[in-house]
Amino acid sequence: MKPVSKNERLLVHVEDLTHDGAGVAKVEGYPLFIHGALPGEDVHIHVLKTLKSYGFAKLLQVENASPFRVEAPCPVFDTCGGCQIQHLSYEGQMTFKRKLVRDAITRIGKLPDVPVHAVKGMEDPWRYRNKSQIPFGMENGRVVAGFYQSRSHRIADTDICLIQTPEADTLMAGIKQKLMEIGIEPYEEETHRGQLRHVVVRKARATGEIMVVLITKKRKFPQAARVVELIRELVPETVSVVQNVNPEKTNVIFGDETITVWGKDVIEDKIGGVRFEISARSFYQINPEQTEVLYGQALEYANLTGNETVIDAYCGIGTISLFLAKRAKFVMGVEIVAPAIEDAKRNAELNGLSNTLFEAGPAEQVIPRWYKEGRQADVLVVDPPRKGCDEQLLRTILKQRPQRVVYVSCNPATLARDLRILEDGGYRTQEVQPVDMFPQSTHCEAVAWLQLEK
Ligand code: SAH
């Protein structure tokens, strides 16, 4: 028997916060997830749904507010799915993220004694995103643009987003306002009608260069010149306007064809003195200020003297690889997306870093082959996607036994799982440093340093 039933109203005490930012209260041991509630608060709730071992409730009123509760400054915080914890002070967010990492390391990694340091956060945790992907649509005969609502493809219409650049705000609002006048229909997902699907705005923080990508349903784009004119008028720092064609009925943003409509094909940014050319579709860390902190941490844990060979697995466009190449003897990067490897090679050349080698392919296949060819690493850096390292890659590490492993992770749960496997194989986790790459959201990044046991 469940201790609560649907539509019941009750007063509960919130104990915890889930990894996606919902409050957790327990009624006779039965957990209820309450969006918007914070630990320590007593809240009036309305039970929405009860499943076998947990349920969901709506927050009606907060009886005693948490000292960490703040008024979310964003006007669409309640509907937009972009941020989850604006109602938690930044200090509270840092405590939350450190606990997320520590809990995972303790429960999943079974490593209660590993030090998990205080999160390295931002001085000003707003306006940090260097890339915005803005969906356009039509609602009640009006053009809307903003970000998707949580778990939905409805757009939360807005003219400002406090975690994106002011330039992205200007473009989002300005293009929305003039779209019909220019004669462009926004795309409608249900009917597959209309032309403009998304506008992607990228900014290179170090140089101030802006790229605008217009994702259209059709290649034919007679209004292109007028849009370019509008964009340049709105944001004169724009150096590149690119069209990407996505004719598919899909919620994937980009299509295969990319055409430069005006200006350059790429924008140029710098991280720690290394130059990077970024094209419309390149993967690139979205918080440039914190990227330096993150890579700086990876560099510290790599402890390079200039004599080491480093492998950077899951290297993307080679950002970590090139950052480390300045201080290592040789760096080898591997990445599954071939165009990213092309970017990495070009960026190595751009920086005159010839002590590097990049190869496209699955890390779990390429690295064992490198070892067979006699290419050994003193330090191995991994930065896998959310699902963590491939099992085969972990087996390779345990077989080849590099002295030092630096694990950069965007998911504490898979980080903890993989640390356990490496520990069982003879590595010792020295310490873990969380870095806040995504203020106002529940996403949590951390770097771990492991050493092979003597
Ligand atoms: N280190 C980079 C990118 C990290 S994102 C940076 O800091 O910018 C993780 C990367 O892993 C993605 O670029 C993804 O394409 C790549 N990837 C996913 N599975 C992979 C695999 N099996 N082998 C190699 N790379 C993989």
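This is a predicted model: local features need pLDDT of at least 70, side-chain atom pairs count only at pLDDT 80 or more; totals for chains, interfaces and linings use all residues.
Me: At which residues does UniProt place the feature "binding site"?
Reply: The annotation comes from an unreviewed UniProt entry. Under the feature "binding site", that record lists Gln 285, Tyr 314, Glu 335 and Asp 383.

Me: Is Gln 285 buried or exposed?
Reply: Gln 285 lies in the loop between β14 (274-279) and α4 (288-302). Its relative accessible area is 10%, and the term buried applies under 20%. Gln 285 is therefore buried.

Me: Which residues is Gln 285 in contact with, leaving aside its neighbours within four places in sequence?
Reply: Asp 383, which the UniProt record also places in the "binding site" feature, is one of the residues in contact with Gln 285. The complete list is Asn 130, Thr 291, Leu 294, Tyr 295, Asp 383 and Met 437.

Me: In which loop does Tyr 314 lie, and is Tyr 314 buried or exposed?
Reply: Tyr 314 lies in the loop between β15 (309-313) and α5 (319-325). Its relative accessible area is 18%, and the cut-off for buried is under 20%. Tyr 314 is therefore buried.

Me: Which residues does Tyr 314 touch, not counting residues up to four places away in sequence?
Reply: Glu 335 and Asp 383, both listed by UniProt under "binding site", are among the residues that Tyr 314 touches.

Me: Why are α7 and α8 described as roughly parallel to each other?
Reply: Helix α7 (residues 363-372) and helix α8 (residues 391-400) have axes 8 Å apart. Angles under 35 degrees count as roughly parallel. The helices α7 and α8 are therefore roughly parallel to each other, since they pack at an angle of about 20°.

Me: How do the residues of the contact of α7 with α8 divide into nonpolar, polar and charged?
Reply: Ala 363, Glu 364, Ile 367, Pro 368 and Tyr 371 in α7 meet Gln 392, Leu 393, Thr 396 and Gln 400 in α8. These residues divide into 5 nonpolar, 3 polar and 1 charged.

Notes: Residues are numbered from 1 along each chain as its sequence is written. Side-chain values use heavy atoms; hydrogens and water are left out. UniProt positions are given in the numbering used here, feature names are shortened, and annotations may be inferred rather than shown by experiment. Helices (H or I, at least four residues) and strands (E, at least two) are DSSP runs, numbered from the N terminus. Buried means under 20% relative accessible area, exposed over 50%, partly exposed in between (1.4 Å probe, protein chains only). Contact means heavy atoms within 4.5 Å. Axes are lines fitted to C-alpha atoms, for helices over the stretch in contact, and angles run from 0 to 180 degrees between N-to-C directions. Angles under 35 degrees count as roughly parallel, over 145 as roughly antiparallel, 65 to 115 as roughly perpendicular and the rest as oblique. Ala, Val, Leu, Ile, Met, Phe, Trp, Tyr, Cys and Pro count as nonpolar, Asp, Glu, Lys and Arg as charged, and the others, Gly among them, as polar.
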